[in-house]
Amino acid sequence: MSKHQNYIAGEWTDSGEFQPNVNPSDLSDVVGEYARADAASARRAVDAAADAFASWQVSGIQQRADILDKVGSAIIARKEEFGRLLSREEGKTLAEGIGEANRAGQIFKFFAGEALRIEGEKLASVRPGIEVEITREPVGVVGIITPWNFPIAIPAWKIAPALAFGNCVVFKPADLVPGCAWAIADLLHEAGIPKGVFNLVMGRGSVVGQALIQSPHVQAITFTGSVGTGRAIAVQCAEAGKKVQLEMGGKNPLVVLDDADLKVAVNCAVQGAYFSTGQRCTASSRLIVTAGIHDAFVAAMKEAISKLVVGDALKPETQIGPVVDASQLEQDLAYTRIAGEEGAEVFGGRTLEREAKGFYLEPVLFVGTHNEMRINREEIFGPSASVIRVTNYEEALAVANGTEFGLCAGVCTQSLKHASHFKRHSQAGMVMVNLPTAGVDYHVPFGGRKGSSYGPREQGRYAAEFYTTVKTTYIAP
Ligand code: NAD
């Protein structure tokens, strides 16, 4: 069994324990053994990053761009290999895994370009003869804490901008998906990242994550994960005066209006709710449907989801891979029970047997629900969606916004008037018109409002906001 160590101060380093990385499509398949670090290893990584910062922060932008570009090109060239690894450890289908790997490569290449485009401003002072310069400088050591559901893309969209703007990194991936994290560290090592600039510390959130948050040498924490963990981290960071950025859960609405193209609407709902096994923060979990199209939409949805092929993530015919692990499966089943108890009609949602033992679950649709039910208030994070019937557009908009979350919102309509109104009045960070709520570009900002996000946006040019700090300089001749 191959053993994978942590990467600290430019060395592959033993950290005591190892844990197996198990394939959710086949529980007898172990992807590898991965280090589970203690807090002392995390502190060593922070010290290495702090030491490296002095030279990396003034390193040439060409050096940073070259390293990021090399990593991006290598990921794209080897996307089948990394996509397979991702699907094996997380359970996304192979096509989804390869797509995500390719996107991670594109993200690295985008930020290679951004390293060359760091902007400033020059203004005249209100005092004659004096000039004012506004420049962006790196923040320092950035602690990166990521979830399991996008094992290569989310690390990429945090690590690449952090390094592009001259920060040093300590990266703690989710326990369930250390394989892709290790692969990124290996690629950065191969690309010649200087010692200590990037460090990988695999291990538990309560141990390694906490060591990063509590270290006085970490200046900023970027976190993606659940609401509860994120909010607790924000409190700790505020107390310590650290910069913090959080991307958390969603309860994303997809509004389907009477004038929608039924085929488009069903396609958006099926892709948005069930692909990637529904394990996406942007998943369309509330399908808000006006009365005139409701029955036709529900009938078409039932037909579409009963045809979805659930199976081993690596098999070419599979459309929906397994749930990631036993506790997520238990959570999905618990919400299906709750839906029944709350009076919803439950269509699907049974566990399935396949050749190998894995966490297979049938997609589930809850019909006849209302927005106050628990299934419509709490994030489920499985292959499930609820239909909420409404009378008209105004009620649909109110229900769409009637949630503590605000990540992504979609509308299916052929009316320009309703699409424009929805775009302006949706309380979400991202809006989709006649498109699934999930599936976003890598070169534009990503993030939400209300309980879904906190702090500056990620990705695109807007990433500079979090990964740099602004300096204002006054110059007299
Ligand atoms: P999680 O909150 O359990 O874990 C996220 C990360 O935090 C992991 O690396 C974990 O080890 C670490 N962690 C856990 N406890 C910690 C602690 N006390 N201190 C420091 N770190 C700690 O989330 P998850 O189950 O891995 O991911 C699923 C969640 O992520 C869902 O809620 C989903 O909506 C959210 N998510 C959000 C986005 C977004 O961009 N908005 C994207 C993907 C996933």
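Author: What follows is a conversation about aromatic rings, charges over rings and the ligand.
Author: Please keep in mind that this is a predicted model.

Reader: How many aromatic pairs are there?
Author: The count comes to 9 aromatic pairs. One of them joins tyrosine 7 and tryptophan 12, whose ring centres are 4.8 Å apart, with 50° between the planes.

Reader: What is that kind of pair called, tilted or stacked?
Author: The pair of tyrosine 7 and tryptophan 12 is tilted, because planes under 30 degrees apart count as stacked, those over 60 as edge-to-face and the rest as tilted.

Reader: Is tyrosine 7 buried or exposed?
Author: Tyrosine 7 is buried, with a relative accessible area of 1%.

Reader: What about tryptophan 148 and phenylalanine 381?
Author: Tryptophan 148 and phenylalanine 381 form an edge-to-face pair, 5.5 Å from centre to centre and with 80° between the planes.

Reader: Where in the chain do these two residues lie?
Author: Tryptophan 148 is in the loop between strand 8 (141–145) and helix 5 (153–164), while phenylalanine 381 is in the loop between helix 12 (374–377) and strand 19 (384–390). They are 233 residues apart, and the pair links distant parts of the chain.

Reader: And why does tryptophan 148 count as buried?
Author: Its relative accessibility is 16%, and buried means under 20%, so tryptophan 148 qualifies. Phenylalanine 381 is buried as well, with a relative accessible area of 15%.

Reader: Let us turn to charges. Which ring has lysine 92 over it?
Author: The charged end of lysine 92 sits over the ring of phenylalanine 150, 3.6 Å from its centre.

Reader: Now the ligand, please. How many residues surround it?
Author: The ligand is surrounded by 28 residues, and the closest are Thr146, Ser226, Met248, Cys281 and Glu379.

Reader: What does serine 226 do there, in terms of distance?
Author: A polar side-chain atom of serine 226 lies 2.6 Å from an oxygen atom of the ligand. A polar backbone atom of glycine 225 is 3.3 Å from a ligand oxygen atom, and one of methionine 248 is 2.7 Å from a ligand nitrogen atom.

Reader: How much of the ligand's accessible area does the protein cover?
Author: On its own the ligand has 850 Å² of accessible area, and the protein covers 85% of that.

Key:
Residues numbered from 1 in each chain as written. Predicted model: local features only at pLDDT ≥ 70, side-chain atom pairs only at ≥ 80, totals over all residues. Heavy atoms only, no water. Phe/Tyr/Trp six-rings, centres within 6.5 Å; stacked < 30°, edge-to-face > 60°. Buried < 20%, exposed > 50% of the residue type's maximum accessible area, 1.4 Å probe, protein only. Helix = DSSP H or I, 4+ residues; strand = E, 2+ residues; numbered from the N terminus. Lys NZ or Arg CZ within 6 Å of the ring centre and 35° of its normal. Near = heavy atom within 4 Å. Polar contact = N/O pair within 3.5 Å; in protein donor to acceptor, adjacent residues only side chain to side chain. Areas by Shrake-Rupley, 256 points an atom, 1.4 Å probe, with all protein chains shown as cover.
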